[in-house]
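Try each task before you read its solution.

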Amino acid sequence: MTETFFIRPATHQDALPIAEVQVAVWRSACRGLLPDALIDRMTVPDREKGWAKIIDSYEASGRGAVFVAVQNDTVAGFLSCGDQRNADLVNDFAGEFSAIYVASPRQGLGSALMARGAQALRAMGHEAAALWVLTENMPARAFYEALGGKQVAERIDTRPEAGIDEVAYGWDTLSVLAARA
């Protein structure tokens with residue numbers, strides 16, 4: 001049986017649980033997709049500082065949002081979104097889903113977070129948005145495709161020590177994704 005959850009805007013106090021989810025997901029889902037040294041360097045204290053800055057910055061500027069999925073009084077996932085940061089995508093996809101992490105997939109949290117993010121991006125004036133995902137992360141790619149995302153770009157990392165290849169998925173009409181909430 002799927003447990004209930006709710007989505008709410010993140011606050012500064014959510015930086016720690018967001019960091020905990022991100023690091024846990026990286027360590028479990030990204031092993032074999034990213035270099036071990038990169039995964040091992042990511043720490044909860046560092047990510048907590050980073051998320052506190054992001055949340056504060058978005059609150060001050062109004063040009064981004066972070067949402068958390070809360071289940072059993074615990075942050076079980078999160079999403080951040082805002083203005084597109086990639087120059088190659090900004091003309092067609094002015095909005096960006098910059099991060100989405102869910103501790104336990106297949107419970108509807110990811111879909112609900114994406115819908116809430118699409119609503120926030122539309123409120124910021126964006127009608128289209130994109131995100132980047134690791135090329136080899138087939139479960140995430142299938143998830144984005146199931147939500148109507150289309151592959152719109154690719155970037156190949158030519159550094160031999162890294163090898164982090166990514167594809168971008170885009171939604172040219174956020175209203176459809178936003179309506180899934």
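**Exercise 1.** Compare the reach of α1 with its expected span, then find its buried residues and their packing partners.

*Solution.* Start with the length: α1 has 15 residues and reaches 21 Å from its first C-alpha to its last, close to the 21 Å expected at 1.5 Å a residue. (The expected span is 1.5 Å times one less than the number of residues; helices are DSSP runs of H or I with at least four residues, strands are E runs of at least two, and both are numbered from the N terminus.) A word on the model: it is predicted, local features need pLDDT of at least 70, side-chain atom pairs count only at pLDDT 80 or more, and totals for chains, interfaces and linings use all residues. Residues are numbered from 1 along each chain as its sequence is written, and side-chain values use heavy atoms, leaving out hydrogens and water.

Next, list the buried positions (under 20% relative accessible area, 1.4 Å probe, protein chains only): Ala15, Ile18, Ala19, Val21, Gln22, Val23, Val25 and Trp26. Finally, these buried residues of α1 pack against α2 (36-41), α3, β2 (64-71), β3 and β4, where contact means heavy atoms within 4.5 Å.

**Exercise 2.** Describe how β3 is covered and paired.

*Solution.* First, eight of the 10 residues in β3 are buried. Then take the neighbours: β3 runs antiparallel to β2 through eight bridges, and antiparallel to β4 through seven. In the β2–β3 hairpin, with two residues between the strands, Asn72 takes a positive phi near 55°.

Note on methods:
Buried means under 20% relative accessible area, exposed over 50%, partly exposed in between (1.4 Å probe, protein chains only). Two strands pair if DSSP finds at least two bridges between them.
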